[in-house]
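Trainee: I've got a structure open and would like to learn how to read its charged side chains. Can we go through it together?

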Amino acid sequence: MPDYDAIVIGAGNGGLSAAAGLARRGIRTLLCERHNVPGGCATSFIRGRFEFEVALHQLSGLGTPDKPGPLRGLLQQIGVIDQIDFVEEDTLYRTGIPGVFDVTLKADRSEIVHALKEKFPSEKKAIENFIGLVWEFCHQLISIYYFRDQHASKDRYPLYFKYALKTGGQVLDEFFEDPCLKMAIASYWGYVGLPPSRISFSDLAMLLWAYTEFKPYHMKGGSQALSNAIVDSFLKAGGNVRFNCGVKKIIVSGGKAVGVITEYGDEIRARSVISNASTISTYTDLIDPETVSPAMLKKLASRTLGPSAVSVYCGLDCEPGDLGIEVSTRFISLNTDMDRQFALCRTFDSPEMCGLTCYDVADPEFSPAGACQVVLISLQYADHWYQIPPMQYADTKYRFAKGLLDIAELVHPGFKDSIEEVEVSTPLTHLRYLGHPGGSFYGFDQYAKDSNLFVSPLSPVQGLYSAGAWVGMGGFQPALESGAAAAKAVCRYLEE
Amino acid sequence: MNRDFRTEIEGYREIEKELSVLQKYAIQNIRPQELVTRITDRFHPKRIKMRVSEIREETPDARTLRFVPAEGYLPPFHAGQYINVYITAKGIRTARPYSISSSPFQTAYYEITIKRVTGGFVSSYLLDTVNPGDDLETSGPEGHFYYNPLFHGNDLVFIAGGSGITPFMSMIREVTDRGHDRTIHLIYGNRSPDNIIFDAELKERAQRHTNLTVANIISEPPKGYDGYCGLITSELIQKIAGDISGKMFYLCGSEEMNRFCREEFAKLNIQAKHIRSDSFGLPGDITLEPDWPASVRKNESFIVMLNGGVSLTAFAGEPLINALERAGITVPNSCRTGECSLCRIRLVSGEVFQPAGVKVRKSDRRFGYIHACASYPLTDLKIMI
Ligand SMILES: Cc1cc2nc3c(=O)[nH]c(=O)nc-3n(C[C@H](O)[C@H](O)[C@H](O)COP(=O)(O)OP(=O)(O)OC[C@H]3O[C@@H](n4cnc5c(N)ncnc54)[C@H](O)[C@@H]3O)c2cc1C
Ligand code: FES
């Protein structure tokens, strides 16, 4: 008799929601996490009097209690919805180029249209048309995939069939002239990790639509509060958790996953395994690559690693208002060339685009009284970081971080003088803490070819399932959803 | 849902074609997982096998141990970081963090400098039983007490007490050897002139480098001593450091000394953002802490039950992690001062004392997690590891 029905490898968002989903269905589950705290990306660390949020800038998909989004139901099902204090933000973001343009978009369709028309009066009509397209497109997409319309066809959903696989850039170009306007609308591109010229219109439209309809959220205590709440729910449902317990191998016998071997050499048997480790790790390291069919390895090789980032975590000894920080999320660009900004993600050159998140705007209790926390972020791929000699790593990291601080200082003078604590993370930091190649926290790059229209989650062996950003898209909501789906799939498998 | 409808999406066929080409000619974009391990180990090996290559006497009660790697190489570190040294003494597996005192300029070796502590379990072991040629395990470099060029500026005041000089020695060696453009005022407190670690080297470096000044403060001066005497007071700090505006103050001594100095800083209106401090251990006697419950005596013992199975005895006056280690239970640990959260465990029931300033996450507090190195039992406990 195996020790467990299921073993979950990794306590990131995907692993956590899978584990809780299983335990709450009465399935004997063990959760193994390499690190000493749960969460993966969804975690925090303390410096001085600040507890820094590592990853969550804006939680998507939650929705309000009376207009719930898909995530609300999921969190309800895994028993944590009442354990977390959510903080709703009324603004999507403020975006612009210092000295050129500056616009703030509220999380409300008509206010978005209004704000854009005011800033870009010569393209009023196009703005209305474009936002109309985004909303109608997303409704069609939802009907097809979430409500599973059995009769989906080109005639029923013309907008979806016309635009789904275009790039965001193609559609923006079709509607607009002003590059600033295009940037104002596409500022969320960093949340998928590809600029408008490469992101699919589906992804770009869904970002704008979903964050507006379901509102951006944050949590009291940061995302660590979510991770801890899920572990708590998991334990209450009878689950077992082991921290500081990396999995070295998945045991495969007779073409089936039947357990794991931990880094300490312990062999634990189970009837099924869910991996929240990266697909690369799962397929090339945790199971013997010979177990994986050549066709599957080829598919894997045709994909590319998504970006990581440099984050500059700043504890400031002032209130956000003292520096003129009035919205939680701000995107600051130095030019309208988003392709160039994206190209810079592969170099150490000074970044020309920076995300600035201040958690204390919506939640004044987030930091100690009289202080606030700001995270500056710029996407970065990892390859060039691999090349630096270790002795030069610190200098490189600080030089890059200084570029981001310079941008913050430009739009919020006095920023640098308010710094009480600073910590910098790089792709190598994420690589270390997550164990993912490239330090990628979004999983694979998300071109149209990488969407689930073309990629179906297959497993190389029976009884092995995957959860997390590597399965579909990156982000809290997708990772949590993939975990819930994996838990369901395992239940079906165990019943058979 | 009929799957075929997807093929009617504009552009579907093109992407399908692109994919088949990609898969046909797929070069291995994906580098193996092994790279992740290799890169992580380059900076943060889990454990380092060290050999003691040399032991030097610094003062009658302090020695420097030089570690060279027994295999592999030593990762770079920031001057000010520490390594955790693992030992087994009297059958107990435990560890203590020691700041690296050597210069980060080279990583052929790391040196730590150990001062004898009365009753110190690990320091006595390292001073009395370890010989050149012996092998030991350590962690990689850890800790956050180091110069950050993003906001520390160029005007630094180091305040050290006793063995608290060790991180500063590494920083001073770095700044002077590399010719960094940073000014350092070192204010170094010791009981007697005989206790001054690195005395000759510090004086010599101060003579050669105009950007370094060294002031020794002796709290129990012998008759006729003519240097600074007494404690490190605000007047003294101001006298030595001059104008304090724009300076960054680094503090490293016993918890008692750090507390005293923080009060002196307050008198000088030095803001939190201009103070960096590294606690060199928890308070010597935890029961003297202001919030310690009067009803619990230092040597009171409690039963700790583990994962619903094994039980062991723990004393109120010592960190829980020590009791666990005595019972043969190792909890991962690094800083042993409540900062790094490596020793995080779940408190299922019972009550512990956690000194102010222990860095436990907000949601960890809420869900009952504690840091075993900085938790003192006040009742019988049930814990989960
Ligand atoms: C700086 C930053 C900003 C972000 N901003 C946002 C945002 O604003 N909104 C948003 O929605 N998303 C954001 N994300 C992305 C989001 O956090 C991630 O995509 C998501 O959390 C990934 O979850 P995951 O399930 O894939 O697990 P991960 O978080 O990748 O965790 C994987 C876990 O598995 C463990 N593990 C791996 N291998 C093993 C093994 N062999 N044995 C045991 N354990 C193992 C790891 O230790 C880790 O805990 C951000 C991420 C980062 C880093
Ligand atoms: S060992 Fe660092 S917090 Fe306990």
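Mentor: Let's start with A:Arg271, which is partly exposed, with a relative accessible area of 34%. Buried means under 20% relative accessible area, exposed over 50%, and partly exposed in between (1.4 Å probe, protein chains only). Keep in mind that this is a predicted model, where local features need pLDDT of at least 70, side-chain atom pairs count only at pLDDT 80 or more, and totals for chains, interfaces and linings use all residues. Residues are numbered from 1 along each chain as its sequence is written, chains are lettered from A and ligands numbered from 1 in the order in which they are written, and side-chain values use heavy atoms, with hydrogens and water left out.

Trainee: Which residue forms a salt bridge with A:Arg271?

Mentor: A salt bridge here is a side-chain nitrogen of Lys or Arg within 4 Å of a carboxyl oxygen of Asp or Glu. For A:Arg271 the partner is A:Asp5, with the closest N and O atoms 3.2 Å apart. That pair links distant parts of the chain, 266 residues apart: A:Asp5 sits in strand E1 (residues 4-9) of chain A and A:Arg271 in strand E12 (residues 267-275) of chain A. Strands (E, at least two residues) and helices (H or I, at least four) are DSSP runs, numbered from the N terminus. A:Asp5 counts as buried because its relative accessibility is 10%.

Trainee: How many salt bridges are there over all chains?

Mentor: The count is 54. One of them pairs B:Lys273 with A:Asp317 at 3.3 Å, N to O. B:Lys273 is in the loop between helix H7 (255-267) and strand E12 (275-279) of chain B, and A:Asp317 is in the loop between strand E13 (308-316) and strand E14 (329-333) of chain A, so this pair joins two chains. B:Lys273 is buried, at 11% relative accessible area.

Trainee: What about B:Arg344 and B:Asp364: buried or exposed?

Mentor: Both are buried. They form a salt bridge too, with the closest N and O atoms 2.8 Å apart. B:Arg344 lies in strand E15 (residues 344-349) of chain B and B:Asp364 in helix H9 (residues 362-366) of chain B, so the pair ties together parts 20 residues apart in sequence.

Trainee: Which residues are linked in a network of salt bridges?

Mentor: Look at chain B: B:Glu54, B:Arg56, B:Glu58, B:Arg66 and B:Glu111 are linked that way.
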